[in-house]
Amino acid sequence: MAFIGSECHPFVKTGGLGDVMYALPRELVKQNCDVRVILPRYACIPQKYQDKMVYRGEFYMDLGETGRSYYVGIMEYIWDGVVYDFIDNQEFFSAGNPYVGLVEDIPKYCFFSKAALAALNYMNWIPDIIHCHDWQAALVPVFQKTLFHDSPVGRAKSVLTIHNLRFQGIYNIPTIRYWTGLPAEVFNMGALQQAWRDANMLKGGLAYADRITTVSNTYAWEIQTPEYGEKLEDHLRYHSYKLRGIVNGIDYGMWNPATDPALAVNYDITNVLERKPQNKLALQKELGLVEDEGKLVVGLISRLTNQKGLDLVNAIVPQIMDGNTQVVVLGTGDKEYEDTFRYYENAYKGMFSACIQYDESRAHRIYAGADVLLVPSRFEPCGLTQLNAMHYGTLPIVRETGGLKDTVEPYNVFNGGGNGFTFDRYDAGLLLDAINRAKTEYFTSRYHWDEVVQRDMAKDVSWTNSARQYKDLYLELTPW
């Protein structure tokens with residue numbers, strides 16, 4: 001199968017899509033699938049990977065109504081059984097960042113979607129399944145079923161995964177027609193057309209793909225409602241027969257407290273109760289907090305934006321800070337949140353730490369040293385932080401939305417079941433209530449708390465499980 005998307009760790013990554021494009025193909029190779037990943041060859045890919053790429057060939061391709069031919073080079077890199085093919089074109093991919101702005105990005109991803117299919121034909125490597133991701137590759141199923149219909153790659157089945165519905169690739173119809181040369185019938189209301197004058201690349205892909213997946217069951221249901229549907233809810237309801245939710249996993253190679261090189265002390269489920277407090281003390285020391293393993297440490301690792309529920313957190317910080325609780329924030333984003341968290345760090349010296357930065361290894365140490373992790377998102381297609389937290393024996397406090405609802409079962413005071421603390425409505429008081437429930441449990445029934453810690457570490461949140469569900473979906477589409 002061929003994976004087509006705009007980013008992939010470690011070459012280029014801005015968010016969760018990069019993690020999925022890295023981890024899922026590797027896991028599928030272990031399950032005996034033959035996988036290629038097709039990516040743009042951006043100038044920002046680190047030189048050490050550029051140096052290992054091998055030239056596979058080149059050809060010229062017409063594009064839309066531009067009336068000229070464009071160079072398509074194929075550079076290949078093979079790593080852990082996965083073949084990565086980079087589409088080379090200086091004109092489109094020489095900018096420093098993968099995403100610049102819609103004016104530049106629309107032509108770039110029109111070119112990329114068509115070039116990816118043309119490259120598969122050129123290499124004569126015809127997959128059974130073409131798995132595309134987000135709006136940047138959403139035109140692939142549209143091209144495939146129209147301009148490439150009678151070519152070898154036209155017989156593949158297509159799957160389109162929505163990682164974030166908010167970004168859709170919307171521009172006026174003449175521009176998208178100019179850059180794609182797609183036939184008139186795709187620019188109708190059932191496919192690309194939106195609000196009469198615009199074309200929506202993601203919407204077109206959803207109409208033409210054989211299956212649509214998104215990154216959790218609950219989110220698959222939520223996006224069919226006006227609250228979460230980003231104006232595509234009717235279109236998604238119409239295509240709901242082919243919509244499926246499969247939760248992401250985390251990569252145990254990268255996220256494993258037993259082997260993680262970033263931690264002060266490594267631990268696993270057998271010794272977490274002795275060794276996790278040592279990581280807490282090391283974290284307190286690193287961040288200049290009062291060193292006391294008896295304090296409850298609350299972690300927050302997030303982009304500092306409204307989507308992540310930070311307005312709720314901001315509203316209740318004074319009520320959380322009771323002398324027995326420390327808060328550690330890691331992330332960057334909107335200035336108002338950066339400034340407020342800095343203010344709190346100053347107001348609660350030794351008890352509140354605001355790390356306004358992106359620091360991957362510090363994130364690992366917060367997962368290991370914190371007792372709970374806040375994920376109070378307004379919406380969350382899948383969410384990986386709560387999975388990381390559980391794997392590190394840190395209890396998540398989450399809002400019941402999207403993947404958070406699918407992966408965190410609320411703690412039950414009566415039978416000790418569940419694996420985290422949850423609240424439903426988007427409301428600061430309910431978040432505070434969930435934090436207070438966690439505190440009560442932590443300070444008054446540590447025996448039950450420790451049981452939940454071990455249960456969370458035992459839970460399978462790996463990619464193995466998720467990849468199996470994807471493989472079943474592919475097999476449904478390919479009659480043997």
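Which helix and which strand each supply at least two residues of the lining of the largest cavity? Select helix H11 (310-320) and strand S14 (325-330). Helices (H or I, at least four residues) and strands (E, at least two) are DSSP runs, numbered from the N terminus.

This is a predicted model, where local features need pLDDT of at least 70, side-chain atom pairs count only at pLDDT 80 or more, and totals for chains, interfaces and linings use all residues. Residues are numbered from 1 along each chain as its sequence is written, and side-chain values use heavy atoms, without hydrogens and water.

**Stop one: the cavity**

Now show Val298, Val313, Val317, Ile320, Val327, Val329, Phe341, Phe352 and Leu374, which line the largest cavity. A cavity is a set of points on a 1 Å grid over the protein atoms alone where a 1.4 Å probe fits but cannot get out; lining residues have an atom within 4 Å of a point. The space inside is about 40 Å³. H11 gives the most to this lining, with three residues.

**Stop two: helix H10**

Select residues 272-287, helix H10. Colour Val272, Lys276, Asn279, Lys280, Leu283, Gln284 and Leu287: they are buried (under 20% relative accessible area, 1.4 Å probe, protein chains only; exposed is over 50%). Look down the axis of H10: the buried residues fall within an arc of 140 degrees (directions from the helix axis to the C-beta atoms), so they line one face. Turn to the face away from the buried side for the exposed Glu274 and Lys285.

**Last stop: the end of H10**

Click Gly288, which follows H10. Its phi is positive, near 70 degrees.

Terms used:
On a 1 Å grid over the protein atoms alone, a cavity is a set of points where a 1.4 Å probe fits but cannot get out, and a pocket is an open set with protein on both sides within 12 Å along at least five of seven lines; lining residues have an atom within 4 Å of a point. Grid points are joined across faces, edges and corners, and a volume is the space filled by probe spheres set on the points. The expected span of a helix is 1.5 Å times one less than its number of residues.
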